[in-house]
Amino acid sequence: GVRLIHAVLSWTELERVAALARLNERYRAPTIVVAVVEGDKAGGSLTVGGLRYDAQTGARSEIARVPEGKRRVITNHDAFSYFARAYGVEFIAARGPSSEAEPSARDIAALIRQARAQKLRALFIETTANPALVSEIARDSGAEIGPPLYTDALSKADGPAATYEAMMRYNVSALVAGMLKN
């Protein structure tokens, strides 16, 4: 049979996850998306195509509260490219697309200068990432690190991101709060 494999990066765009869920149902493909969708179905929070589309609308309306010129954040690596395109947020990744990359001292200094010049106060680390680099950038730029973002894993059942929908709501809320400080 057909096996559909897709990067976790698409988790951060609800329309993409819904499309993947529909493809998974059609081809009965075992992927991580199926696990996410099934986990949320158990909580009763999903509908047609694996997602509640009001969550999509909610994400857009929350982000719309942030003036376009302030829709920038610094993260440790580029895990939000789909989210960026879907919601018009610029993510500046300290490590680029790989969480394993080691930026040069020149790259880090340039990012610190950019954060100062653009008055970026929204810095975030994913829950699964090493906070050292973003902590250094925050310290040297005068910015602060927001709450950790969920990308590669959900929280524990009693945490703020125990389902896919809760993860999206949590991340959007954290990002909006950070961007409003820019």
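How many aromatic pairs does the structure hold? In this predicted model, the count comes to 5 aromatic pairs. A pair of aromatic rings is described by the distance of the centres and the angle of the planes. For Phe80 and Phe83, the ring centres are 6.0 Å apart and the planes stand at 90°, so this pair is edge-to-face. Phe80 and Phe83 are both buried. Phe83 also pairs with Phe91: here the centres are 5.8 Å apart and the planes meet at 85°, so this pair, too, is edge-to-face. Like Phe83, Phe91 is buried. Ring pairs join Phe80, Phe83, Tyr87 and Phe91 into a cluster.

The chain contains 7 helices and 4 strands. Read from the N terminus, the order of the elements is α-α-α-β-α-β-α-β-α-β-α. Of the 182 residues in the chain, 45% are buried. When contacts between residues at least 6 apart in sequence are considered, 59% of them join residues at least 24 apart. The chain exposes about 9100 Å², and carbon and sulfur atoms supply 53% of this area.

What lies inside? The largest nonpolar core has 26 residues, and the ones with the most contacts inside it are Phe83, Tyr87, Phe91 and Leu175. Helix 7 gives the most, with 9 residues.

Charged side chains come next. Side chains of opposite charge can pair when their charged atoms come close. Across the whole structure, 5 salt bridges are found. One of them joins the side chains of Glu62 and Arg65, with an N to O distance of 2.6 Å. Glu62 has 30% relative accessibility and therefore counts as partly exposed.

A second example is the salt bridge between Arg72 and Glu90, whose closest N and O atoms are 3.2 Å apart. Arg72 belongs to strand 1 (residues 72-75) and Glu90 to strand 2 (residues 90-93), so this pair ties together parts that are 18 residues apart in sequence. Are these two residues buried, partly exposed or exposed? Arg72 is partly exposed, because its relative accessible area is 21%. Glu90, at 38% relative accessibility, is also partly exposed.

A further salt bridge brings together the side chains of Glu144 and Lys181, at 2.6 Å from N to O. This pair links distant parts of the chain, with Glu144 in strand 4 (residues 144-145) and Lys181 in the segment after helix 7, 37 residues apart. Glu144 has a relative accessible area of 42% and so is partly exposed. Lys181 counts as partly exposed as well, with 47% relative accessibility.

How values were computed
Residues are numbered from 1 along each chain as its sequence is written. This is a predicted model: local features need pLDDT of at least 70, side-chain atom pairs count only at pLDDT 80 or more; totals for chains, interfaces and linings use all residues. Side-chain values use heavy atoms; hydrogens and water are left out. Rings of Phe, Tyr and Trp (its six-membered ring) pair if their centres lie within 6.5 Å; planes under 30 degrees apart count as stacked, over 60 as edge-to-face and the rest as tilted. Buried means under 20% relative accessible area, exposed over 50%, partly exposed in between (1.4 Å probe, protein chains only). Helices (H or I, at least four residues) and strands (E, at least two) are DSSP runs, numbered from the N terminus. Contact means heavy atoms within 4.5 Å. Accessible areas come from the Shrake-Rupley method with a 1.4 Å probe; for residues, only the protein chains shown count as cover. A nonpolar core is a set of buried Ala, Val, Leu, Ile, Met, Phe, Trp, Tyr and Cys residues joined through side-chain atoms within 4.5 Å. A salt bridge is a side-chain nitrogen of Lys or Arg within 4 Å of a carboxyl oxygen of Asp or Glu.
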